[in-house]
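Please keep the sequence and the structure at hand while reading.

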Amino acid sequence: MRDPLALTGEPLGHDALRVGMLPANAYDLRPYWDVFRLRHPQWRLRVQKSQFSDAFATLRRGDIDALITWLPVDEPDLTVGPVLFAEPRVLAVSTGHELARRTSVSLEIAADFQHPQSDTRPGYWYDAYIPRETRRGRTIERGPVVQDTEEAITLASMAEIVVLFPSHMTRYWVRPDITYLPVTDMGPLPYALVWRSEAESEPIRALAGIIRDLGPLPSAPAAP
């Protein structure tokens with residue numbers, strides 16, 4: 001299943017703003033895209049999917065101009081802009097998994113099962129998405145290395161791992177072999193606009209200004 005994207009099209013020139021997305025909820029963010037297009041018709045906007053295994057490298061290579069990513073991001077060459085949204089966490093499990101009979105789950109319980117590993121860097125950034133320990137200090141075991149969301153979902157569907165996600169996955173990645181459980185003991189995961197400081201441009205500043213003007217999306221509870 002492909003992540004839904006927004007505003008993709010023909011190859012773009014220097015008058016374009018290319019925004020990479022790690023979350024899957026491009027449609028939810030349409031208010032920002034629409035206002036950008038309305039206020040700045042001189043610039044084309046392209047929103048495209050980024051893989052978390054290569055997200056910062058893609059930004060640093062200049063393949064994209066800005067990235068929507070979870071926080072924290074504490075890199076000396078990157079600027080962290082405004083937050084677009086923050087969502088509760090859910091746990092994706094196979095419909096045949098023993099946890100699938102539950103209506104919710106705690107991270108303490110989820111720690112009994114393998115979670116995906118990633119070779120992405122920096123380590124603290126991935127640890128914010130999948131912690132290494134629970135609040136009580138229990139180690140959260142990591143298993144197979146995954147490169148993207150689809151690979152993680154596939155392994156979860158086969159009951160090899162369980163996967164933490166933001167709650168919009170319950171709407172954007174609906175699958176008959178996956179059950180999503182609200183996680184009761186984790187705070188919302190914030191996502192912000194990030195860009196390479198030395199490559200800051202007028203279109204980037206314009207989009208960041210629009211996000212600040214509109215404010216973050218309203219919080220929504222995790223779907224049961």
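## Terms and model

A residue is called buried when its relative accessible area is under 20%, exposed when that area is over 50%, and partly exposed in between. The model discussed here is a predicted one.

## Salt bridges between separate parts of the chain

The count of salt bridges comes to 14. One of them joins Arg171 to Asp28, with the closest N and O atoms 2.7 Å apart. Because Arg171 belongs to helix 6 (residues 169–172) and Asp28 to the loop between strand 1 (16–21) and helix 1 (30–39), this pair ties together parts that are 143 residues apart in sequence. Arg171 has 49% relative accessibility and therefore counts as partly exposed, whereas Asp28, with a relative accessible area of 18%, is buried.

Asp127 forms a salt bridge with Arg142, the closest N and O atoms being separated by 2.8 Å. This pair links helix 4 (residues 123–129), which holds Asp127, to strand 7 (residues 142–145), which holds Arg142, across 15 residues. Here Asp127 is partly exposed at 23%, while Arg142 is buried at 15%.

## A pair within helix 1

Arg30 and Asp34 form a salt bridge at 3.5 Å, N to O, and, being four residues apart in helix 1, they are separated by about one helical turn. Arg30, at 28%, and Asp34, at 36%, are partly exposed.

## A buried arginine without a salt bridge

Arg89, in strand 5 (residues 89–94), is buried yet has no salt bridge, the nearest side chain of opposite charge, Glu87, being 8.0 Å away. The side chain of Arg89 instead reaches the backbone oxygen of Tyr129 at 2.7 Å, and one of its polar atoms lies 3.4 Å from the backbone oxygen of Phe165.

How values were computed
Residues numbered from 1 in each chain as written. Predicted model: local features only at pLDDT ≥ 70, side-chain atom pairs only at ≥ 80, totals over all residues. Heavy atoms only, no water. Helix = DSSP H or I, 4+ residues; strand = E, 2+ residues; numbered from the N terminus. Buried < 20%, exposed > 50% of the residue type's maximum accessible area, 1.4 Å probe, protein only. Lys, Arg positive; Asp, Glu negative; His and termini not counted. Salt bridge = Lys/Arg side-chain N within 4 Å of Asp/Glu carboxyl O. Polar contact = N/O pair within 3.5 Å; in protein donor to acceptor, adjacent residues only side chain to side chain.
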